[in-house]
Amino acid sequence: MSNENEFIVTPWEVKGKIDYERLIKDFGLQPLTNELLKRLEKNTGELHFFLKRKIFFAHRDLDWILDEYEKGNSFYLYTGRGPSGSTHIGHLIPWVFAKWLQEKFNAKLYFQITDDEKFLFKPELTLEEIKEFSYENILDIIAIGFDPNKTKIFMDTEYIKTLYKEAIKVAKKITFSTIKAVFGLNESSNIGEIFFTSLQSVPAFIESIKQGKNIPCLIPLAVDQDPHFRITRDVAPKLGFYKPAIIHSKFLPSLAGLDKMSSSAPQSCIFTIDKEEDVKKKIWNAFTGGRGNIEDQRKYGGNPDICTIYYYLYYFFEHDEKSLKEQYENCKSGRLLCGEHKMYLTKLIIDFLKNHQRNREKARNIIDKFILRD
Ligand code: TRP
């Protein structure tokens with residue numbers, strides 16, 4: 001990581017300033033072209049700003065999913081969460097997008113909570129701690145506003161009777177050498193880690209299994225999860241299923257700059273349970289593209305392209321395209337000062353969190369409507 005151009009994106013580690021164009025090449029993804037966005041828009045009536053701003057930037061077989069949809073063969077959605085800590089704003093991007101897709105395509109959603117994964121991959125966590133995180137994370141998921149009649153959330157350890165039968169069929173088609181090559185695991189990895197990807201594969205087929213016929217599946221995810229589904233897509237035809245389609249998002253950067261948001265640096269990300277004072281403090285201390293003093297800022301302008309305040313607005317909090325553009329220009333020209341911009345963002349975050357936290361409390365009473373158990 002000594003070189004500024006180096007970055008790492010794996011399911012276990014995301015580090016450095018990510019070059020998403022290069023990632024498309026390295027991972028073998030398809031870029032989300034304007035042509036494909038137009039096709040999406042024809043079906044949805046409008047485009048989410050995540051799409052307009054290319055926060056979702058790549059896909060696998062999204063064109064095929066639309067072919068099928070246009071023929072009347074609708075798809076279901078699948079996404080997930082590894083419950084290793086509190087939810088932060090970065091986690092919400094694929095979830096908010098999944099909700100949008102659910103609404104626009106009237107699609108069923110399976111939401112996997114990989115409590116087993118976090119137990120196997122995080123030496124410091126006990127199953128009890130992970131269970132607590134699972135519950136807390138599920139409140140955040142429900143707070144997004146998914147349709148309770150069309151959304152099923154399950155924890156691997158509690159839905160295992162259904163999942164296991166299918167996971168071993170997947171596992172039988174994957175060799176240890178594939179796992180080593182894709183995930184970098186080795187002889188000293190614990191054997192649960194080696195098996196785990198088979199469990200993350202199963203929900204990509206689960207609706208087909210339940211209905212006894214093939215149903216297309218679309219997986220909105222953050223791009224670090226793609227390696228799992230490269231394997232899933234290899235295995236799918238061998239088991240007689242469609243390959244799942246995928247749509248990939250970028251990462252919300254950390255408030256400290258460059259790297260993605262990480263819950264391991266609590267001062268540099270906003271959690272869904274943060275209080276007003278936390279938000280004020282974190283945003284006040286955030287890294288900006290501003291100058292050292294007001295005179296220079298007025299004279300030379302700031303640099304929104306490296307500014308975490310601008311990123312936060314761009315990725316999540318500013319929904320209005322025109323206003324975002326004005327903020328960008330006013331920052332560059334020196335009309336907008338960092339202090340003002342920070343206050344503007346702080347207010348948007350606090351308003352969002354108030355509403356989210358209210359929904360989160362309400363979620364406690366309706367959680368059973370969402371949970372799948374064997
Ligand atoms: N492994 C993911 C994580 O650590 C959780 C997950 C399970 C997931 N299934 C998924 C994420 C499908 C995206 C799509 O967060």
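Me: How much area do domain 1 and domain 2 bury between them, and what share of it lies on carbon and sulfur atoms?

Reply: The size of an interface is often given as the accessible area lost when the parts come together. Buried area here is the accessible area (1.4 Å probe) that two parts lose on being put together, summed over both. In this predicted model, domain 1 and domain 2 bury about 1,800 Å² between them, with 62% of that area on carbon and sulfur atoms. On the side of domain 1, the residues that lose the most area to domain 2 are Arg53, Ile89 and Ala143, which together make up 38% of what that side buries.

Me: What bounds does the domain assignment give, and how many residues does each domain bring to the contact?

Reply: Domain bounds come from an automatic or database domain assignment. That assignment gives domain 1 as 8–250 and domain 2 as 266–362. Contact means heavy atoms within 4.5 Å; 18 residues of domain 1 and 20 residues of domain 2 take part. The centres of the two domains, taken over C-alpha atoms, are separated by 29 Å.

A note on conventions: residues are numbered from 1 along each chain as its sequence is written, and side-chain values use heavy atoms, leaving out hydrogens and water. Local features need pLDDT of at least 70 and side-chain atom pairs count only at pLDDT 80 or more, while totals for chains, interfaces and linings use all residues.

Me: How many salt bridges are counted between domain 1 and domain 2?

Reply: A salt bridge is a side-chain nitrogen of Lys or Arg within 4 Å of a carboxyl oxygen of Asp or Glu. The count between domain 1 and domain 2 is three. Elsewhere in the list of side-chain pairs, Arg360 and Glu136 meet in a salt bridge at 2.8 Å, N to O.

Me: Is Asp140 buried or exposed, and which residues does Asp140 contact?

Reply: Buried means under 20% relative accessible area, exposed over 50%, and partly exposed in between (1.4 Å probe, protein chains only). Asp140, in helix 7, is buried, with a relative accessible area of 1%. Leaving aside neighbours within four places in sequence, Asp140 is in contact with Thr87, Trp95, Thr272, His356 and Arg360. The side chains of Asp140 and Thr272 are joined by a polar contact of 2.8 Å. A polar contact is a pair of N or O atoms within 3.5 Å; within protein, one must be able to donate a hydrogen and the other to accept it, and residues adjacent in sequence count only if both atoms are side-chain atoms. Helices (H or I, at least four residues) are DSSP runs, numbered from the N terminus.

How values were computed: Helix = DSSP H or I, 4+ residues; strand = E, 2+ residues; numbered from the N terminus.
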